[in-house]
Amino acid sequence: MNAMLRKVSVKAVVSNLYVIGVLAIIVLVFTLISPKFVGLPNIINILRQSVPAIMIGGAFTLLMISGNIDLSVGGIVGLTTVTYALVGKAGLPLFWAGVVTLALGIVVGALNGFLVVRLRIVPVIATLATMNLCIGVGKLLAPKGIGVIKGLPEGVELFARSRFFLHMPPALYAAIAITILLVIFHKRMVLGKYTAAIGGNKTAAELAGVNVVQTVWILYIMVGFCAAFGGIARASYLSLGDPITGMGMEMDAIIAVLLGGTSFFGGEGSVVRTVVAVLILTCLAAGLQVVGMPPYWQSLVKGVVLIIALVIDILVKEKIVD
Amino acid sequence: MMHTLITEVRQKANGKGMSNLSFITLAMFGVLVAVFGVASLLVPRFFDINNVSNLIAQQADIIIGIGVTFLMISGYFDLSVGGIIAMAAVLSAYFSQAPSAASFELGSGLGIPYGLALVLTLICCVGIGAINAFFIVKMKIASVIVTLGTLAFSRGIAMIVAQGDQRNTGLPPIFKECGSFTFVGTLNLAVLIMIVLLIGALIVEKKTVFGRRMYQIGANQTAARLSGVKVDRELSLLYMLSALLGGISGIVMASKFNSGNCALGTGYEFDALVVTVLGGTSVFGGFGSVAGMVIGAFILGILSTSVNMLGFPPSLQMLVRALVIIVAILAQRFALDRRNV
Amino acid sequence: MDHKIRPQTVAEAVIERILAEISAGQLQPDQRLPPQREIARRLGVSNSSVREALQSLQTMGVVDDYVLEIRNLVKDFPGVRAVDDVSFNVRRNTVHCLVGENGAGKSTLIKILTGAYLRTSGTILLNGTEYVAYNPREARQKGIATLFQELNVVDQLTVEDNLTLGVEDVKFGFLTKSRKIRQMLEVLRSIEPSIEPKQKVGKLSVAKKQIVEIAKAAASEADIIIMDEPTAALSEGEIKRLFRIIRGLKEKNVTVIYISHRLDEIFEIGDVVTVMRDGKHIATKPVAEVKDRAELIKMMIGKAVFEQYVPREIGAEAALLEVRHLTTDKLHDISFAVRPGEIVGFYGLVGAGKTELARAIFGADRYSGEIYFKNRKLACHPAGAIEAGIALVPEERRTQGLFPILTIRDNIPVMSMAKVACGGFVDSAKEREAAEQFVKALNIVTSSIEKQMFKLSGGNQQKVVFSKCLFADTDLLILDEPTRGIDVGAKSEIYSIIRELAAQGKAIVFFSSELPEILNSCDRIFLLYDGRLKAEIQNGPHVDSEKIIHIVTGGE
């Protein structure tokens, strides 16, 4: 009995420590290469850049715990930077621009949910379609030629760049707040429990009376909302509206989730570990930049990191099962 | 295949009923004709012969569509094809570029004879296919995730070798032949390659044991294993074939533009999905056809060209693709449900 | 009203009222009482108090309280009547056992109770009110919970989370720890205190997971818990614990319907036993009134007239298949041999290990030990087995044997594509020929070979699976429950096919849980129980069915 409990906590501790450990190692390595790495300006930079990914990562994790996937997050981010920019330029105060944008995120999320649970279209195809839809609409809304929307109103960059508290921008605190809310959702709210139940054993959940359709639909809406928030942060950071700025973020999200130890078979996972994994990836990206790696290496690195994450996932699973 | 189709149409006339696959293929052919008709009416100068032959030249979609269709029939995804196209394009340029003490790196390649360069390129592509096969078949990881990774990986190689740009100097004159060598009118080598591959694919699909196995694996992998089908081997070969086809497509595209551009093929993996699904191939496996995929490619081609010629912004293309795939899935499901009840 | 010193419970008040009504002549003692809810409403008390009261009255012998009444239940499938005018009652708070051979109708009956099937005709009364369930969830909500072989727990959640799944107390979307949850945990603790509520269910043993399911059902006030072969995967100690829990359930107002082939268990834990045979109800008796196993067995097999087995001449050739010391997780040291032209049968009930053995021989699962086929060691994978000359007709045709959306023509050549192909290219004419040949030979009812498999009936589907194996022209055929879920007509067709194959010199290994078909087809019969080979019997007129059942239900 005790041995069993010991094994349980060992695994839990190992999964949680290992992400933090990897983060520590990466920070250490890059600091050795360039002591400026742990300097305040760099830390601020890294955290500011992580904001959209942190915002998306949590909800994405929950969706994957339930056994579903959403490949449209990158598209939603792009579209929402465009709408935020447009509404802002149209004269509305930025706050209301944000509200409208978040509403749009909810709408797209609801659309994803509709396609997946009501029309029963395979999530991969449904969300790939919405991704194209979002990028397409975003491109339509952006001016021909340059493709991006510039000239955003004064103060747009405050959200993602200003030194609001402890040198960190409000966007970061928003991301932290979202993360905390999602953790509460996962651990303390009934829908959070249902998320894990559906991913763990959908038949058992249905038999017990869980409304699978409703729960999964809500999860997709949450992802849409968070992606929209990420879009607002991105638009603020770049002072731009750019429909393709989010491309590849779905891949980043998947890598972060896998690196964070969430099984893609569903049922188990951790929002916090995903967020730490996001930090690992941003540190890695920043560190490689410091080292002088040209930007066109990014794609390869991403691919390699994903493959490494998969390998780790397999090894860890087999070790624990033994 | 045409013969089978005709026989089945005759059988239907005799009340014997045609298979679901023929029904869907025929239905989509009908949609193609309808779309063609509407486009001819609505779009000014649609009937320009150049335009029509441009449609025939949707070769990239069709060539990679073969691989994607085969894998979908078997019940799997391959999202890495877009990246493989870029990788093949850039590598074919890099390998055959003349080495020079040029002022910038991008102008200097390995100077390998073109034929050999192509072989090497294709070997690299098959290598990517092998990586896919390893993680998906051996490690049993979801094909979506693995192929997203190899998509990034292969495009990454393309971007590194082309340093984010393209390699278009110092290429041997034969480099552009694939894409521009024409014999009958506008029929160029690229189109010929596409036709040859298509015929090959149709033969494989309808007439070979290898082709039959795809359907068996897709229809019920457990039963296939219990019936002695070497499932792992077949799937691995399919992934390598898909990568190979991506490579051929990339080589042809590089030839057409006479440049190895690392941005080639962006989004093509989704296009391949669209035309595959449009053609009637079911995401759940065991059902579908390359013939349908070709029809789907033509339909998409007409829609794209019409959008262009009607003066809509190019970004509408993405919207069109998104809507088309959803509508296709729903419509085909509806049609088959009603037919089979 | 007397002033009693100790406070009177509501239940006792109810009892008093009912007794009063009986003595006042308003209620006949053996008249069926109105439904619980009626009584509860009339007296203005809760359902559970009424239940308690009725339980006491029943113990006192005053009333007959049936939790379940089945009247003239009939269930028809195309071509077969699985449940034939069955009627019996289940008393509240008893352990009511259901026994019968495979095909006796037990599982169909249970499936009707759990909402998986809809009855054809007849009535079911639960607590006196008409009961019908269209799906398992509805059944559960109405008070009938079932412990299936596949556990319905979520491994990734804790025990507490599983118990409360679907019935949580929620405040503004948040999970709250309410009295209801504490009560549920109490139920769990009273059932099995060693299970901690905060443990992850995935870490528990199968036996404990089962207990969690039982606790969930009991805690959600299920009236009946159906247990279908619950001890199949349990150790001795775990079985003892399970029985203790079941006895405890009776005191919690839960009635258990217990299905098992292990007759000893019936005697140990059962209060009442119902025997079914051939879809009919044979008898329902208190276990105390059943003399011994033999009496039960006699009822289970009745005077069934088996088709006369005709002893055949088997040549004294060398063994075609030799299995030596085969062992897997479930199987222990199995050894036997099969000669060409022989039909060897393996008989055992659920959980005996038949499918495990069938798959192991075919190479679909790993094993330790050795298998020699045609004097050469057999490799452990299906393709190798087929190449060597062994084909398997799997247990579940829909998920393992055929390709539902493909046509008959596509299904038949799968095991032997080389026969319809030349150098990798398929000859459609040969495909068609093969399909038509088998459609005719096996009498497969279909308008065309281009029909998709899912449109065929069970019997015809199975014939196609047979055709697939026969087309491979192997020397040995392994059949795992080949006639399951098939109508009588198709069954006898399959038996003649088997006999003919043997006459042609093929060896057949026949796994089944239906004794009649084993007895009428097989030359030699092996008996399996709990993964072990218990006996080998030569078939003939002297065969003692009762002794056979005795062995496969755990006897020696």
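Reader: What makes helix α13 of chain B, residues 268-278, count as mostly covered?

Author: In this predicted model, ten of the eleven residues of α13(B) are buried. A residue is called buried when its relative accessible area is under 20%. The ones that pass are B:E269, B:F270, B:D271, B:A272, B:L273, B:V274, B:V275, B:T276, B:V277 and B:L278.

Reader: And what follows α13(B)?

Author: That would be B:G280, with a positive phi near 105°.

Reader: Why is B:P314 called exposed?

Author: Its relative accessibility is 58%, and the cut-off for exposed is over 50%, so B:P314 counts as exposed. You'll find B:P314 in the loop between α14 (290-309) and α15 (316-340) of chain B.

Reader: How far is B:P314 from B:T121?

Author: Their C-alpha atoms are separated by 32 Å, and along the chain the two are 193 residues apart.

Reader: On to chain A and chain B. How do you know that they touch?

Author: Contact needs heavy atoms within 4.5 Å. By that rule, 37 residues of chain A are in contact with 38 residues of chain B. Together the two chains bury about 3300 Å², with 86% of it on carbon and sulfur atoms. A:I125, A:N132 and A:Y296 supply 20% of the area that chain A buries against chain B, more than any other three residues.

Reader: How many salt bridges and polar contacts link chain A and chain B?

Author: The salt bridge count is zero. Polar contacts do turn up: four residue pairs, with both partners at pLDDT 80 or more.

Reader: Which elements of chain A give two or more residues to the side that touches chain B?

Author: They are α5 (123-141), α11 (249-259) and α13 (298-321) of chain A. Of the elements, α5(A) gives the most, with twelve residues. Sorted by class, this side of chain A has 29 nonpolar, four polar and four charged residues.

Reader: What about chain C and chain A: how many residues are in contact there?

Author: 25 residues of chain C are in contact with 25 residues of chain A. The area buried between these two chains is about 2100 Å², and carbon and sulfur atoms give 66% of that.

Reader: Why is the pair A:E268 and C:K200 called a salt bridge?

Author: The rule wants a side-chain nitrogen of Lys or Arg within 4 Å of a carboxyl oxygen of Asp or Glu. Here the N to O distance is 3.6 Å, so the pair of A:E268 and C:K200 meets the rule. Across the interface of chain C and chain A, the rule finds three salt bridges. There are also seven residue pairs in polar contact, both partners at pLDDT 80 or more.

Reader: Which elements of chain C give two or more residues to the side that touches chain A?

Author: Those are α5 (136-142), α6 (159-164) and β8 (174-175) of chain C. The largest share, three residues, comes from α5(C). By class, this side of chain C has eleven nonpolar, six polar and eight charged residues.

Reader: What does the predictor's confidence look like in chain A?

Author: The average pLDDT of chain A is 87, and 93% of the residues score at least 70. Over residues 3-8 of chain A, though, the pLDDT is below 50. Beyond near neighbours in sequence, that stretch has three contacts in the model.

Conventions
Residues numbered from 1 in each chain as written. Chains lettered and ligands numbered in written order. Heavy atoms only, no water. Buried area = accessible area lost by both parts, 1.4 Å probe. Polar contact = N/O pair within 3.5 Å; in protein donor to acceptor, adjacent residues only side chain to side chain. Helix = DSSP H or I, 4+ residues; strand = E, 2+ residues; numbered from the N terminus. Nonpolar A, V, L, I, M, F, W, Y, C, P; charged D, E, K, R; others polar. pLDDT = per-residue confidence, 0-100. Buried < 20%, exposed > 50% of the residue type's maximum accessible area, 1.4 Å probe, protein only.
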